[in-house]
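Subject: Structure for you to look over

Hello,

Here is the structure I promised to hand over. Please open it first, then read my notes below.

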Amino acid sequence: MSTPEQVDRILLIAAVVLILVAGALLLTRIWRGPSMLDRAVSLDVLAALIIAGLAAKSAFARDPFYFPIMLVLAFLGFTGSVGIARFIAVRDRPSIGRPPSSQTGDTQKGPQ
């Protein structure tokens, strides 16, 4: 094995180790995440980590078989992120015709 091949192998192993560490940290964020938005962003990052793992496997095997799979996963991750962002934007939009709720804990009754 030549020196450039050894360097490639070491760098790929380091990349896989970093992807696994990031995956473990990501799973703790999904499990503990204080809000639903944190969990949604974590799932988007999970899609990116899966793509990175497939890229590392493809580079290690020197096989372009996984490239179309990575493209499909990237498309699904993007559309999922946009869908979640639109859902959260609709949910957090203030409704028209109702007075905003007070931040001090006072309850307000709407028009009757």
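First, a term: buried means under 20% relative accessible area, exposed means over 50%, and partly exposed is in between (1.4 Å probe, protein chains only). By that rule Arg62 is exposed, with a relative accessible area of 62%.

This is a predicted model, so local features need pLDDT of at least 70 and side-chain atom pairs count only at pLDDT 80 or more, while totals for chains, interfaces and linings use all residues. Residues are numbered from 1 along each chain as its sequence is written, and side-chain values use heavy atoms, with hydrogens and water left out.

The overall picture

The chain has 3 helices and 0 strands. From the N terminus the order is α-α-α. Helices (H or I, at least four residues) and strands (E, at least two) are DSSP runs, numbered from the N terminus. Of the 112 residues, 14% count as buried. The accessible surface of the chain is about 9000 Å², and 69% of that belongs to carbon and sulfur atoms. Areas come from the Shrake-Rupley method with a 1.4 Å probe; for residues, only the protein chains shown count as cover.

Contact means heavy atoms within 4.5 Å. Take the contacts in the chain with a separation of 6 or more: residues 24 or more positions apart account for 35% of them.

Helix 1

Helix 1 has 30 residues. Its first and last C-alpha atoms are 44 Å apart, close to the 44 Å expected at 1.5 Å a residue. The expected span is 1.5 Å times one less than the number of residues. Leu12, Gly23 and Leu26 are buried in this helix. The buried residues of helix 1 pack against helix 2.

There is also a nonpolar patch on the surface, formed by Ile13, Val17, Val21 and Leu25. Together they have about 360 Å² of accessible area. Patches take residues with over 30% relative accessible area and no salt bridge; like charges are joined within 9 Å, nonpolar side chains (Val, Leu, Ile, Met, Phe, Trp, Tyr) within 5 Å. Val17 sits in helix 1 (residues 3–32). Val17 is partly exposed, at 44% relative accessible area. An α-helix has 3.6 residues a turn, so residues three or four places apart point the same way.

The salt bridge

How many salt bridges does a search of the whole structure find? It finds 1. The term means a side-chain nitrogen of Lys or Arg within 4 Å of a carboxyl oxygen of Asp or Glu. Here Asp8 pairs with Arg62, and the closest N and O atoms are 3.5 Å apart. Asp8 lies in helix 1 and Arg62 in the loop between helix 2 (36–61) and helix 3 (67–92), so the pair ties together parts that are 54 residues apart in sequence. Asp8 is partly exposed, at 35% relative accessibility. Check the backbone at Arg62 too: phi is near 55°, a positive value in a residue other than glycine.

Around the loop

Ser58 is in helix 2. Ser58 is buried, at 4% relative accessibility. Leaving aside neighbours within four places in sequence, Ser58 is in contact with Asp63, Pro64, Tyr66 and Phe67.

The count of aromatic pairs is 1. Phe65 and Tyr66 form that pair, edge-to-face, 5.2 Å centre to centre with 80° between the planes. Rings of Phe, Tyr and Trp (its six-membered ring) pair if their centres lie within 6.5 Å; planes under 30 degrees apart are stacked, over 60 edge-to-face, and the rest tilted. Phe65 is exposed at 53% relative accessibility, whereas Tyr66 is buried at 19%.

Best wishes
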